Amino acid sequence: MKSGYRKGVIFSNTEIANNIYEMKVKFTEGSNGCKCHLEKDGVSFIYEESCKLGAPGQFYMLKSWDLDPFLSRPISIANIEEDKLVFLYEVKGKGTEIFSKLKIGDNLELLGPLGNGFDLEKATNNRPPSNIAIISGGIGIAPMIFLAKELRGNIDFYCGFRHEVYYIDIIKKYVDNIYISTENGFFGHKGFVTELFVPNKYHLIYTCGPVPMMKKIVEMTKDKIPVFTSMESRMACGIGACLGCTIETKSGMKRVCKEGPVFPGKEVIF
Amino acid sequence: MIDTKVDICGIEFKNPVIAASGTFGFGREYEEYFDISKLGGICTKGLTLHKKEGNKGIRIYEVASGLLNSIGLQNPGIDGFIRDELIFMEELDTVILANIGGGTIEEYIEAIIKLNNTNIDIIELNISCPNVKEGGMAFGIKSKIAYEVVKEVRAVCKKPLIVKLSPNAENIVEMAECCVKAGADGLSLVNTFNGMAIDIFSRKPVFENVTAGLSGPCIKPIALRMVYEVARTVDVPIIGIGGIVDYKDAIEFIMAGAYGVQIGSGNFIKPDISLDIICGIETFMEEENIKSLEEIRGIIGRDIMC
């Protein structure tokens, strides 16, 4: 779908773990069944297409306010259910606090879909299917849910949490194996998810979570296995104009919102 | 029939709404969201003679009614701009203002000479960037230093020259007078205010440069006052900048004496906010029976002086 600035409405907004919310949003205008212009053999015609609302790893800039807070919040797509966008977010500041109080039917403005998203080609067309590891830490699980759903291959999903575990039952439907760690040992392995993960058997690794976790994973693979990391940054415009969200990479400063948020792990200077 | 056209330094703008430097890239990113040729003008991202990577660490930090930024003039350099961006911009049906920054007078001059032979309409001289170590804002604080820079640039610049002023100037009116005396054809004001934020848990400043530039609606009343004071003092056209997010803000700046207005941080809250502002201005003119913006430009200053 072409990126745009659209209005949406809250379909549901539920606290699924302490301070973690799942929010489903429907567009009120310009959503599925959008009109697309196509030029073929010099003839231009319009056709209706049920447009995808985004790809795994892409995000939207969301806001449900006028001028306070001033900026929108970048939130990655956790899933797409027919005409509904699913977002998973942790209440961290003023913006997410406001999101957490939204009720069914409340309005929202969405700019997106934005960013490059995960490279699925590398995984999808291989015969025999690739062995793929998805590794998430904390709320970094959000984009990985949609990724797990769309990926084809033998997928092992490693997810680390601080205390509470969430979204496991949904992920189980999309993957072959799931490995869980919690820092307090409340569920699964006690400690970090990187302690569970053995890189050697994988052809491809996707990761999203705290920077130290992603750094550790890139180090563990010793450049032998391609790793894709989904990076986070403070954003203002979300579309690549303000240069506020850049990170350092081996080929210079890159915009998380435009060249990212997904980067080859070996490119990122952590 | 209303007419939103304005003439700034001999260049005709189809309307007074201009995208501010540093918030609009070179226009490409916004072209995906609306027809950017509907804008009165576009200021390029601040350009320096040589390519700059910009600052490390956090570059953006939201505050009440605005944001702090410390980008550090990341840009492709003049040659990179001419090679990769200029052709796209030249094809737009809008006025292009090249915003030029520099660390030394020599850098400014060399950059301007390179732009003299392009189809850029106007040079906007940035003597007010707070986020680079030397130059930039240093030139924009003391009127005497600003005078020297503008005079030397004026001597080589073949385009209309607008000087972008810093609100951190020791005396904004004196600064404006000095720039005009040195040959500026117009002034744009204000750039960001020097501000800061502290991370109380790490007990460190949020920004690696410690201070950063404050923009957004929180600066509007001060910016408006500065435009008002400067407009009453100098005879050249002024472009008002500072926290404009709707047509009412824009009209306020015009009534304070601005010929045009620039939209900066506002672009971040809605990509096509400038179109809303242009439409709002048109509707306001129709409803208030204003045929040309000249009728209300500087009307506040006029009242008080009578």
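1. In chain A, 54% of the contacts with a separation of 6 or more join residues 24 or more positions apart. Two residues are in contact if their C-beta atoms, placed from the backbone, lie within 7 Å.

2. A word on the source: this is a predicted model, where local features need pLDDT of at least 70 and side-chain atom pairs count only at pLDDT 80 or more, while totals for chains, interfaces and linings use all residues. Residues are numbered from 1 along each chain as its sequence is written, with chains lettered from A and ligands numbered from 1 in the order in which they are written.

3. Chain A holds five helices and 17 strands (DSSP runs numbered from the N terminus: H or I of at least four residues for helices, E of at least two for strands). Its C-alpha trace spans about 50 × 50 × 40 Å along the principal axes.

4. How many of the 270 residues of chain A count as buried? The share is 44%, where buried takes 20 or more other C-beta atoms within 10 Å of the residue's own, with C-beta atoms placed from the backbone.

5. Now to chain B: the axes of helix α6 (residues 143-156) and helix α7 (residues 172-181) of chain B come within 8 Å and cross at roughly 25°. Axes are lines fitted to C-alpha atoms over the stretch in contact, and angles run from 0 to 180 degrees between N-to-C directions. α6(B) and α7(B) are therefore roughly parallel (under 35 degrees).

6. Where they meet, B:S143, B:A146, B:Y147 and B:V150 of α6(B) face partners in α7(B) including B:E174, B:M175 and B:K181.

Note on methods: Buried ≥ 20, exposed ≤ 12 C-beta atoms within 10 Å, placed from the backbone. Parallel < 35°, antiparallel > 145°, perpendicular 65-115°, else oblique.
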